[in-house]
Structures are given as structure tokens and as C-alpha cells.
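This report works through a computed protein model.

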Amino acid sequence: MKSVWWKILCVLLLLYTVVGGFLMDVPRLHILNESIRNTFFHVPMWLGMMTLLLISAIYSVLYLKKPSLRYDVFASEFAKTGILFGVLGVVTGMIWAKFTWTSAWSGDPKQNNAAIALLIYLAYLLLRNSLKDPQQRSRISAVYNILAFSTLIPLLYILPAQTDSLHPGSGGNAAFADIDLDNRLRVVFYPAVIGWTLLGIWLSTIGIRIQNIKNRFDYIKK
Amino acid sequence: MLFSEISGLLKKEITIELRQKYAINGILLYLAGTVFICYLSINLQATQLHPIIWNALYWIILLFTAVNAVAKSFLHESAGLMTYYYTIASGQSIIASKIIYYSLLLTGLAVIGLGFYGLVLGNPVQNPGLFIINIMLGSVGMATTLSLVSSIAAKAQNNQTLLAILGLPLLIPVLLMSIKISKNALDGLPWASSYDELAVLGSIDAIVCALAIILFPYIWRS
């Protein structure tokens, strides 16, 4: 992960997302209007969060297979960035909902489930803090992380599909796939997803380096 | 994981429960107390209670009873006893026996709770068969998740609070599906209208069971 090219790519893609996302032509739809530009900021947060949490869960599985502190640091830092993305996803969604659904929180199934998902992962951080012994902390929190990720799938993808929702993409509302017939959204959306996800990975690697330095300090102090 | 080990451990759970009657009596009293407090708080004629509220209250009472009942599965077992288990049985048989035992216990509590709840607040259930199946599936889900989470929380300090924090968000998918099926049973809808939900609830149970059996040996080893 020491190479620089993907960080440059990330900065360029995000510059393009911000400039292009606000200035380029977008399809005009009832109710959504200009707020459709939130697609470039809100949706990538969820995809980024899922990617980061998946990476975190994979490192937890690796830890259980072969216990090494490195895997534990990876798992926890990726989970932290995933939570950050989740919070940003909820906040961008709320700002958007304020203008299109007239209230920031309208009890939509997707909003509620997103809040529950955040609760599950905040509990993960709490669990990590309440275990003192490093080895025990790594193992127990790896187990909980796997459990948390497998609860996330029915929570975010199966349960909301069963109820009607105001959210674009469910309950007969126009979704991304239906409205981009002229590919005007796609041109910005795909780079935005890649850019934001890379930013998440970048943030996590910085967190991992800080954590590694902290661990080494603790080791030297002992 | 052996059938004889599981049945032996199951027999031991039941023997201990019958020997220390205060635990099961305590839970029954807790259930009765909660139901009575709900009855007094609503302070309505039983007939005026809307089925949606009846349903929500019933499942919330069950949820908190379940948290309290399953809490003792690992929190109250001494380190010495765990070491003894370690020498006589595999981790998988232990968690399997706990899951079976607590599923049965929670189903029993739910049925007793339904009796008492129905006595004071009326019983609007129109499809009892579906309701009972739903209680059983819901109990399996709650027992499995809470047993695993209880074994996680037992490793940390401040574990009673931790059990609730870790367990409640993870239980929400099970709880939401149960509440939905139970609403169908209240309204007396035909079985066919609940097949989808029953399938989802059953598969959530199956996933959680599989995870518990795979993951428990890792928690146990520490």
C-alpha cells in the first residue's frame, strides 16, 4: 500500500466529482430536481461503507484463522472509517430528505435500518474499549465483527425490500437505474464511487499507521 | 460435536434449573411484573387497546424478558466451571445445548407471557397456529443471538450493560420479522400471506445458528 498512484487517482476523481457533480447537466425530474446531485455524494457513502466494513470483516476472519495483531489493527481501523462513512451517509441523506421529503427524519425503513446498523457498529467500538487484555480484545471483537457484518446484510438489503419506502429505488420511486437513460449521471457517479471508496481506504491506512506506532510505543514502554 | 454430549449438557441445564428454582421463578415474576406495569400504564379498557400497540408491547416485554433470562447463560458461570466444561466437551456442543435449552425456555416464557398478557389486556390473536410458530421461530433467534452475545459480554467488565448494548441492535432483524408475522396472525390473515416472512425469519435463525456454532469455539478458548 506504499505506492502513491492510487492516492493521486483518488484526489483527481474526487476533484472531478465535486466540480462535475455540481456543474454538469443532470436529468430533470419532478420533486428531485437539482437535489438529484446528491447521488454523487450520498450513494457512494453507502457503497464505500459496505466496502470498508467488508474489508474489516475479512480481516476479522483472517485474524481468527491466524491470530496476529496486524490483522486486528486492520479490522478495527477499517471498521472505524466504515462508521464514519455511515454517519456521513445518514447526514447527507437527512439534508437531502429535508428538502425532498420535507423532514430530515421521516421514519423511512432505510433510514431506520441505517441507524440500527450504526448502533451495531458503535457497540463494536464500545466492546473493544471494554476489553483490557489485547489478545482477548482482538479475538472477541473479531467474533463480534463477523456477527455484526452478517446481521448487516438482512438489515440493509432484505428487510427494506419487503416494505414500501419513500426512498428512490423502492416503492415504485424512480431509482438510479431508471433515470440515467442518457448516461448523464453515470459519467460522474462511477468515478465518484471509486473516488470516495479510495478516500476511505486512504483514511484507514493512515489510522492503521497511527495505531501501529501507538502499539510500538506501548511495547517499548513495557 | 456429539449428540450424546449435547443431550448430556442439555440434561445438566434442566437439572440445574430445576434445582435452583429461584432463577426461573425470578424470570416468571419479572415477566408478570412487566405485563402488569404495562397494563397499569396503559390504563385503558382492554378492548380499546389497538392491535398494533398490543403487538408491539408484547414483543418488547418478551425481548426484555429474553435478555434477562439468557443473561445468566454465560455471565453467571464461574471460570472454574468453564474450565471443567473445556475438559469434557467441545465448544460446539456447549453452544448447541445452550441454544436448544434457551429456545425451549423462551418459547415457554412467551406462551406463559401470552396467557397472562391476554388475561389482563385481552387476546386479539385470530390465527393462533401462526402465532405459536412465530413465537417459536422468534425464540430460537433471540436465544441464539443472546447466548452468543452473552458469551462475548462475559469476557468483559460491566457485562450486564454490554449484553444489552451488543444484543439489542443485533436482535432487531429477528424482532421486526416476528412483529410483522405476529401482526398477520392478529389480523387473522391466511397462512399463505406470511410464507415470505416466515422464510426470512427462518433463514435469519439459520444464519445466526450457523455463526454461533462456528464462532463460539473462538470466544471460548480465551
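Which pattern does chain A follow, read along the sequence? Chain A reads α-α-α-α-α-α-α. Its secondary structure comes to 7 helices and 0 strands. Helices (H or I, at least four residues) and strands (E, at least two) are DSSP runs, numbered from the N terminus.

The model is predicted: local features need pLDDT of at least 70, side-chain atom pairs count only at pLDDT 80 or more, and totals for chains, interfaces and linings use all residues. Residues are numbered from 1 along each chain as its sequence is written, while chains are lettered from A and ligands numbered from 1 in the order in which they are written.

**Chain A.** Of the 222 residues in chain A, 40% are buried. Buried means that 20 or more other C-beta atoms lie within 10 Å of the residue's own, with C-beta atoms placed from the backbone. Take the contacts in chain A between residues at least 6 apart in sequence: 75% join residues at least 24 apart. A contact requires C-beta atoms, placed from the backbone, within 7 Å.

**Interface.** Chain A puts 22 residues in contact with 22 residues of chain B. On the chain A side, helix 4 (109-130) and helix 5 (134-162) each supply at least two residues. Helix 5 of chain A gives the most, with 13 residues. The classes on this side of chain A are tabulated here.

| Class | Chain A side touching chain B |
|---|---|
| Nonpolar | 17 residues |
| Polar | 4 residues |
| Charged | 1 residue |

Ala, Val, Leu, Ile, Met, Phe, Trp, Tyr, Cys and Pro count as nonpolar, Asp, Glu, Lys and Arg as charged, and the others, Gly among them, as polar.

**Helix pair in chain B.** Helix 7 (residues 159-186) and helix 8 (residues 195-221) of chain B pack at about 155°, with axes 10 Å apart. Axes are lines fitted to C-alpha atoms over the stretch in contact, and angles run from 0 to 180 degrees between N-to-C directions. Helix 7 and helix 8 of chain B are therefore roughly antiparallel, a label for angles over 145 degrees. The contact includes B:P173 and B:M177 of helix 7 and B:L198 and B:I204 of helix 8. By class, this contact has 8 nonpolar, 1 polar and 2 charged residues.

**Core.** The largest nonpolar core has 113 residues. Such a core is a set of buried Ala, Val, Leu, Ile, Met, Phe, Trp, Tyr and Cys residues joined through C-beta atoms within 7 Å. Among the members that touch the most others are A:L127, B:L106 and B:L166. Helix 7 of chain B gives the most to this core, with 13 residues.

How values were computed
Contact = placed C-beta atoms within 7 Å. Parallel < 35°, antiparallel > 145°, perpendicular 65-115°, else oblique. Buried ≥ 20, exposed ≤ 12 C-beta atoms within 10 Å, placed from the backbone.
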